[in-house]
Amino acid sequence: MANPSFAARMPALQVAEEKYSAYLGFDAQGIRVYFRGTISTVNPAVVLNPFVDAVHGQLAGANVKEIRVDFTELEFCNSSGFKAFIHWIQKVQSLPEAQRYKLRF
């Protein structure tokens with residue numbers, strides 16, 4: 001679980017397109033990124049990668065051990081959309097091991 005003081009300082013990060021949205025939030029279990037809607041555009045990485053980069057920038061080195069990625073309200077994601085999640089995984093793996101956090105999908 002995330003440090004409550006970190007959660008209080010956590011900026012409101014969100015992104016929205018016509019058919020989908022994502023935002024960084026905090027709940028009783030810790031930090032969570034919520035994805036909603038239908039990711040079906042030709043190149044969603046244009047929108048999702050900067051969002052993922054911003055979330056990663058907040059978490060890297062912040063002593064966060066795990067982040068939950070919530071797809072409960074994501075109705076569909078095309079293969080191009082999944083590239084943003086692969087991008088995120090690669091960013092986490094590029095961190096020094098002591099700074100890495102787990103992504104729980």
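Visitor: Leaving aside its neighbours within four places in sequence, which residues is Thr 41 in contact with?

Guide: Happy to look. This is a predicted model, where local features need pLDDT of at least 70 and side-chain atom pairs count only at pLDDT 80 or more, while totals for chains, interfaces and linings use all residues. Residues are numbered from 1 along each chain as its sequence is written, and side-chain values use heavy atoms, with hydrogens and water left out.

With those neighbours set aside, Thr 41 is in contact (heavy atoms within 4.5 Å) with Tyr 20, Asn 78 and Ser 80. You'll find Thr 41 in the loop between S3 and H2; helices (H or I, at least four residues) and strands (E, at least two) are DSSP runs, numbered from the N terminus. Thr 41 has 30% relative accessibility, so it counts as partly exposed; that label sits between buried (under 20% relative accessible area) and exposed (over 50%), using a 1.4 Å probe and protein chains only. Thr 41 and Cys 77 are 36 residues apart in sequence, yet their C-alpha atoms are 9.2 Å apart in space.

Ser 80, one of those contacts, brings us to helix H3, which covers residues 79–93. Gly 81, Ala 84, Phe 85, Trp 88 and Val 92 are the buried ones in H3. Looking down the axis of H3, these buried residues fall within an arc of 90 degrees, so they line one face of the helix; the arc is taken from the directions from the helix axis to the C-beta atoms. On the other side of H3, Ser 79, Lys 83 and Gln 93 are exposed. The cover over the buried residues includes strand S3 (30–39), helix H2 (45–59), strand S4 (66–77) and strand S5 (102–104).

Now for the rings. The whole structure has eight aromatic pairs; rings of Phe, Tyr and Trp (its six-membered ring) pair if their centres lie within 6.5 Å, with planes under 30 degrees apart called stacked, over 60 edge-to-face and the rest tilted. Phe 35 and Phe 85 have ring centres 5.1 Å apart and planes at 85 degrees, so this pair is edge-to-face. Since Phe 35 lies in strand S3 and Phe 85 in helix H3, the pair ties together parts 50 residues apart in sequence.

Terms used:
The expected span of a helix is 1.5 Å times one less than its number of residues.
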